[in-house]
Amino acid sequence: MGITAKELAKKLNLSEAAISMALNHKPGVSTTTRKKVLEEAEKWGYDFTRIAYRHPVSGKIYFAIFKKHGAVVADTPFFSEISEGIREKCKEKGYKLNICYLYGDESLEKQIDDIRYSDCIGLILLGTEMKKEDFEYFKNLNFPVIVLDAYFNWLEKDCILINNDQGAWLATDYLIRRTKKQPGYMHSSYTIPNFEERANGFFNAVRSHGMSPSKSIVHHLTPSAEGAFADMTAILEQHEDIAPCYFADNDLIAIGAMKALLRFGYRIPQDVAIIGFDNIPMSSYFEPSLTTVNVPKRYMGEMAVLRLIDILHAKQFVPIKLQVGTNLVIRKSV
């Protein structure tokens with residue numbers, strides 16, 4: 001006969017309540033304790049048929065949008081589609097969802113404590129703007145954390161992110177093959193890992209065509225349509241050199257720059273060809289429509305929820321990195 005929950009509590013020197021929470025995947029115990037209880041329960045023959053593993057765990061899934069210097073704007077189409085994927089998958093699986101903001105300032109520790117002592121059973125964390133030091137506050141949470149749109153080798157959390165390098169390489173390779181000219185780069189003036197990975201993909205594609213990266217004109221533009229328009233207008237007013245074609249770090253940069261170029265009499269794509277990244281809805285109806293890199297944004301949100309539910313019900317945890325591929329959407333700007 002297998003071990004009972006009461007006997008397991010005595011063997012592990014834990015309360016019966018802690019054993020119950022761990023076996024039934026309820027909040028209130030750490031990931032380490034949960035793992036230990038499940039491993040010992042299996043070792044000593046606990047009858048797991050008493051537990052309906054796929055029933056929703058009591059509590060809410062939290063989706064936290066981390067904001068630090070303004071590169072993340074949650075009401076943009078990119079982040080709205082991720083949020084929608086999370087919302088729909090939570091609804092489908094019977095989990096309640098709470099969406100909140102976390103601000104990377106001196107109050108961050110208190111903000112995280114508010115989540116720690118809430119009804120949160122698992123956290124999906126939008127880490128686009130996060131740096132190494134920001135993750136220190138999330139190390140000891142007693143529920144699983146899925147990091148979206150960021151990855152660090154040392155981070156022992158599940159990470160779901162875009163293959164930025166691949167997407168930028170595909171875009172730049174297409175731009176060069178289409179125009180037969182040295183591409184310029186509309187690079188974000190905000191430094192975040194996603195854009196640095198895209199820079200790597202851009203310059204690797206330039207090299208693969210036997211071109212010198214040093215000959216590519218680089219403009220540093222604000223990663224919003226309004227900011228990029230203002231920055232590109234200033235560049236044009238100062239009569240700086242303009243490349244015959246550009247890869248832009250995101251669609252908002254591309255669209256803002258296109259508006260400025262069109263205002264100054266440039267024809268797109270005849271005078272300047274441009275390709276963006278993200279495939280936001282605006283890219284399809286801007287005139288001329290924007291060739292861009294498509295990111296399966298809703299799918300990223302859905303996968304984050306599914307992986308979180310898997311962890312909540314799993315007997316053991318091994319962190320994974322899920323890198324989502326991209327594809328080109330060919331329109332009229334190239």
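Which strands does helix H7 (residues 193-208) lie across, and at about what angle to E6 does helix H7 run? In this predicted model, local features need pLDDT of at least 70 and side-chain atom pairs count only at pLDDT 80 or more, whereas totals for chains, interfaces and linings use all residues. Residues are numbered from 1 along each chain as its sequence is written, and side-chain values use heavy atoms, with hydrogens and water left out.

Helix H7 lies across E6, E7 and E8 and runs at about 170° to E6 (axes are lines fitted to C-alpha atoms, for helices over the stretch in contact, with angles from 0 to 180 degrees between N-to-C directions; contact means heavy atoms within 4.5 Å; helices, H or I of at least four residues, and strands, E of at least two, are DSSP runs numbered from the N terminus). These strands belong to an open sheet with the order E7-E6-E8-E9 and parallel pairing, where pairing requires at least two DSSP bridges between two strands. Strand E6 (residues 184-188) is joined to strand E8 (residues 245-248) by 3 bridges, and Gly184 stands opposite Tyr246.

Elsewhere, strand E3 (residues 120-126) is largely enclosed by the rest of the structure, because 7 of its 7 residues are buried (under 20% relative accessible area, with exposed over 50% and partly exposed in between; 1.4 Å probe, protein chains only). E3 runs parallel to strand E1 (residues 60-67), with 6 bridges, and Phe63 has Ile124 as its bridge partner. Ile124 also contacts Ile86, Leu148 and Leu308, among others.

Definitions and conventions: Lists of a residue's contacts leave out its neighbours within four places in sequence.
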